[in-house]
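Biologist: Please take a close look at one part of this model, the salt bridges, and then at the helices and loops around them. I would like to have the terms spelled out as they come up.

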Amino acid sequence: MVAIGRNEGERLRRCLASARAHAGTLVYVDSGSTDESLAIAESLGAAIVRLDTDRPFTAARARNAGFRTAVQSTPAVRYVQFVDGDCELQTAWIPTATAWLDGHADHVAVFGRRREREPERSPYNLLCDLEWDVPPGEVLHFGGDVLLRRDAFEAVGGYRDDVIAGEEPELSVRLRARGGRIRCLPEEMTLHDAAMTRFGQWWHRTRRSGYAFALGAALHGAAPERHWVRETLRPWVWAAGPLLGMALSALLLGPAALAFLAVYPVRWLRLLALPGEGMRVRALRATALVVGSFAELHGQLGFLRDRLLGRTPRIIEYK
């Protein structure tokens, strides 16, 4: 198993302790922690990889480094479980997932239900828990916690070190291009601890998603994949569009141009009417989607700035 982290503290302790029972090789990759994370990993018997600072830290780079250490330690390994350091593996996950891959040679990756540890603690944690609720079945991509076939991972060259956000869906695109299939199983996989209690944390996390959408579309947006093209266009339509329409028509319409702003409450009401959980959850989701379009736009503007100026992108952290 390969766990990655930075200043995860007790969350990392839970993560590594949960993996010891089923992980033949336990690797922890640290991206410059200043807390007790390294001491925790050492106390739990994990092989430790410290990323140097010659290049920017990315989750992709950390996972690749951990993978190399894992296969060097156990050359015969067939599957590698990746997990984020703020996640705790469920007891039955590894045996269940490996058995499923054993019986389905055409699949290269499986993941299960990731749940938020304390969804009741804040609306932002609850939004994470809703995000993790992926219907079981064949899917297009996976997230940070996933069990991968070693040979398939090696065949595509692993993660792209330079992808600072959305590296898992980007890898998924390349795995599927080689004929690999990805499956979401109904079993419980991990408990995730977002620890988001402030609006600013949620904004930065959503901004990172916007950056990931733009980067993914730049890499794989051409037909037939059209990876994240729709997600990239969405904030331009729903966040920037009404503001731009109001600005362009202000000279002709005067105060009447403010009518463009009605798009926002109208969209909120349409999202609220979608079927699903109770009114509180629907209202929270509708609000997050409307406000989140601006955060995603912020992230995409950051991507465009980096590209135009030739800047080396930096990871966007929310903790």
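Modeller: A residue is called buried under 20% relative accessible area, exposed over 50% and partly exposed in between, with a 1.4 Å probe and protein chains only. The model is predicted, so local features need pLDDT of at least 70 and side-chain atom pairs pLDDT 80 or more, while totals for chains, interfaces and linings use all residues. Residues are numbered from 1 along each chain as its sequence is written, and side-chain values use heavy atoms, without hydrogens or water.

A search of the whole structure finds 31 salt bridges, each being a side-chain nitrogen of Lys or Arg within 4 Å of a carboxyl oxygen of Asp or Glu. I start with the pair E317 and R6, whose side chains meet at 3.2 Å, N to O. E317 is in the segment after helix 11 and R6 is in the loop between strand 1 (2-5) and helix 1 (10-19), so this bridge ties together parts that lie 311 residues apart in sequence. Helices (H or I, at least four residues) and strands (E, at least two) are DSSP runs numbered from the N terminus. E317 has a relative accessibility of 41% and therefore counts as partly exposed. R6, at 32%, is partly exposed as well.

The side chains of R14 and D193 also meet in a salt bridge, with 3.2 Å from N to O. R14 belongs to helix 1 and D193 to the loop between strand 9 and helix 8, so the pair ties together parts 179 residues apart in sequence. R14 is partly exposed, with a relative accessible area of 31%. D193 is buried, with a relative accessible area of 8%.

E118 forms a salt bridge with R121, and the closest N and O atoms of that pair are 3.7 Å apart. E118 is partly exposed at 28% relative accessible area, and R121 is partly exposed at 48%. Elsewhere, salt bridges link R63, D84, R114, D145, E167 and E168 in a network.

N7 has a positive phi of about 55° although it is not a glycine, and at 29% relative accessibility it counts as partly exposed. In the loop between strand 9 and helix 8, where D193 lies, there is also A195. A195 is likewise not a glycine, and its phi is positive, near 55°. Most residues other than glycine have a negative phi, and most peptide bonds are trans. The peptide bond from A223 to P224 is cis, with omega near 5°. P224 sits in the loop between helix 8 and helix 9 (229-253).

Q300 is one of the residues of helix 11, and its relative accessible area of 3% makes it buried. Apart from neighbours within four places in sequence, Q300 is in contact (heavy atoms within 4.5 Å) with G210, Y211, F213, A214, E231, T232, P235 and W236. L301 is also in helix 11, but L301 is partly exposed, at 43% relative accessibility. D306, again in helix 11, counts as buried at 6% relative accessibility. Not counting residues up to four places away in sequence, D306 touches Y211, R311 and P313.
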